[in-house]
Amino acid sequence: MNPVEVLRFAVLGLAANKIRTALTMLGVLIGVGAVILLVAVGNGSSKSVQESIQRLGTNLLTVSHTAGGGRFGAAGQGSALKDLTPDDAQALVDKTSAPHVRSAAPVQTTSQSITYAGQSVTVSQIVGTTPDWFDTTNHDLARGSLFGTEDVTARRKVAVLGSTTVENVFGTEDAIDKEILIGGIPFRVAGVLRTKGGNGAADSDDTIVMPVTTMRDSLTGYGSLSSIAIRATSAADTVLAQDEVTSILNNRHRITGSAQSDFRITNQQSLLSANDEADKTFTVLLAAVAAISLLVGGIGITNIMLVTVAERTREIGIRKAIGAPRGAILGQFLAESTLLSVLGGGLGVAAGLFAARFEVVGIKPVVVPSSVLGSFAVSVAIGLFFGGYPAARAAALRPIEALRHE
Amino acid sequence: MTGPQPPRPAPVIDVRAATKSYGRGAASVHALRGVDLTIESGEYVAIMGSSGSGKSTLMNLLGCLDVPTSGRYLLDGLDVGRLDERQLALVRNRRIGFVFQSFNLIPRTSALAQVELPLSYAGVRARERRRRALAALELVGLADRTDHAPNELSGGQQQRVALARALVTAPALLLADEPTGNLDSHSTADVLGILDRLHDAGRTIVIITHEDEVAARAERVLRLVDGLVVGDHRRTRTPASTSASGAPPRPVPLDEGARR
C-alpha cells in the first residue's frame, strides 16, 4: 500500500457520505475561522487605538494643573498652590536644565459659541497658546497662515480654525481673512489646520486656536493655564524629559515633597502601554472563546470517526479477511480524519482571512499570522489525534469479530 | 515446505486436536471439541452438519479469521498459531481465498475495485493489478460488469465477484462458507460450475454446505456433529455432475490471471 493508495481509499470513504463529511468539515471550518477572525479583531482594535495615540505623538507630555483641593481647599495648610503660567511654559524650553525638551507651549482652553454672518455655532474646544503649540502637538497648516510670536506679544485677534469648525461655520466658503465673532469679539481667520482624524469620542478637528495672550485678555482672564504641552526630543527620551520638567516646575513652584505638588505630568507612552495591556486581555479573551469552538470542532471529528468506524466495522472485517494489514486499515482511517481536518482547516483559514477584510463592529481586523498557522496546525493535530484513536481501535479488531459486527 | 519424503509435500491443511470455546466458566460454549483434519493439496472437500455443529467455527479457523482455543493448525506446513498479526495478514492475503455466504462485498465499490483490493494490499502495481483483476472477473463470467457496485448486481453476480476476489491472488486454498446458501438454483449452478473448474485445475477447495446437491460435487464429505468430525467419506465424482454444472459454454483457461 503506497501513500497514494491510502489517500485514494480515504477520499472514497469520505465521498461515500457527503453530508456527514460536509458537516464535520463545517465544524472545523467555523472553529479555525473564528480563531483567525476574533484574534484579528482584537489585534485590529489594539492597533487602531495605538495609531490614534501615535498620531498625537508618543513623545508628547502634558503638564496639567491639579485643581482638586485647589487654592481654597488646601488654604488651611498654608501651602498655596501656584498657577501654571505662560512663564512656566517658557522656562521649560531650556537647553541646559532640560536638554530633552524639544518644545513646550502653554495651553489655555475654553468653550465659546462663535458667530459668523448671523449664524451661531458651538465649538467644542478653543485653545489659546503660542506658535510652538502647532509643532509640539503635530498640527499642520492646510491653508492660510499660522499666527506668529508678534501676534502673541501684540495680542492680536487672529484665529486658526480646525477643518471641522471651518466646515461647520463657512461650509464651502473660503474662510481665510473672514471675520468671526468669538464670545462677541471679532477675530480674523488667519489659517485652517489639516484634518487630523478623530481618536474616538472627541473630534480633534473641531477646534479654534488663538494667541494665549489674546484669550487671557478677552475671554478667560488670568487664572491658571489648563495645561502645558511638551514635546520630548524623542519617544525614548520622554522619561528623562519628564524628570527635567518635574524638577524645573518644583523649583519654580517651590515644592519640596510630592504631597504638595500642584501639577501632574502624563505622557502618551504610559497611555499607550496601559491601552496595550487592556487590548491584550481583550484579545486573549476573544482567542479563548475561539479556541473553545475549535475544540468543539475537534470533538465533532472524534465523534464522526467513532461513528464511521462503528458503522464500517463489517467493512473492516472484510478488508482484514482478504489480507489487509493493520497499517493499511489504520492508514485509511487516519488519512480520512486528517483529510477532514486539513480540508476543514484550510477552508476555515480562507473564511477567516476573507471575513477579516471587512470591518467588524467598527474595527478593521488585522490578521495575526501566528493565529492562522496556529489554528490550522491545531485543527490538523486534532484530526490526527482524535481520528487516530478510533482508527487504532478499528485496526486492532480480529477479522471474525469485525465480520460478526452488525 | 517439503518433509523428509520429498515426493510427498505437506498437506495444505493439517488441524490437530483443535478446540474452540466461547465465553468462560459455566456459561462457556464449546463449538469445537477436538477436531483432527488433514486435507491434501488438490482435494475438493465438503463439510456438512446441522447449524450449531461447529462447521462455521472450523471454517473461520481454517481461514485464519479466528484462532483456536487449543490445538494446532498447520497451513502448508506452517504453524499459524506462531504467526504475528502482520504475518497472519500476509497468509490471509496470499494463501487463502475466502468466500462468504453473505458475499461480504464492500459497499459502494465497483466490481473491479473489489477484485483489485487484495492485490492492493499485496502491493501489486496498478497496471498489473488491473490486468489480473479483469482476468479474474472474466473467469467468473463478469467481464461486462466491472463498473457495477454491489447494489447494482444480482445475488449470483455478487457471489461471483466475491469468487473473483478470492481467486485473484491465486491462493493455494479456497474456502467457501455456504457460498450458495443465499442463491437461486441457476446462480448456484454458476458458482458450483466455477468451483468444479477450479478443482479440475488443481486448486484445493473446502466448502461448507447443508445441501446434498452441493456436497455431491465434492470428492470427500466430512460430517460435523456437536463440534466433532463424525464422518469422512471419499468418492470419485461422476462425470455427469460436471457436464450438468451449467458452466459457460466457452472454456476459460484457468491459469490465465488466476495463477501467478
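Chain B of the predicted model comprises 9 helices and 10 strands, where helices (H or I, at least four residues) and strands (E, at least two) are DSSP runs numbered from the N terminus. Because the model is predicted, local features require pLDDT of at least 70 and side-chain atom pairs count only at pLDDT 80 or more, whereas totals for chains, interfaces and linings use all residues. Residues are numbered from 1 along each chain as its sequence is written, and chains are lettered from A and ligands numbered from 1 in the order in which they are written.

Of the 260 residues in chain B, 45% are buried (20 or more other C-beta atoms within 10 Å of the residue's own, with C-beta atoms placed from the backbone; exposed, 12 or fewer; partly exposed, in between). Contacts are assigned where the C-beta atoms of two residues, placed from the backbone, lie within 7 Å. Among the chain B contacts between residues at least 6 apart in sequence, 70% join residues at least 24 apart.

Strand β1 (residues 13–22) of chain B is joined to β2(B) by 8 bridges in the antiparallel sense, and Tyr22(B) has Val29(B) in β2(B) as its bridge partner.

In chain A, helix α12 (residues 369–395) contains Ala391(A). Ala391(A) is buried because 25 other C-beta atoms lie within 10 Å. Beyond neighbours within four places in sequence, Ala391(A) contacts Met305(A), Leu330(A), Phe333(A), Leu334(A) and Ser337(A). A C-alpha separation of 7.2 Å is found between Ala391(A) and Val309(A), which are 82 residues apart along the chain.

Conventions: Two strands pair if DSSP finds at least two bridges between them.
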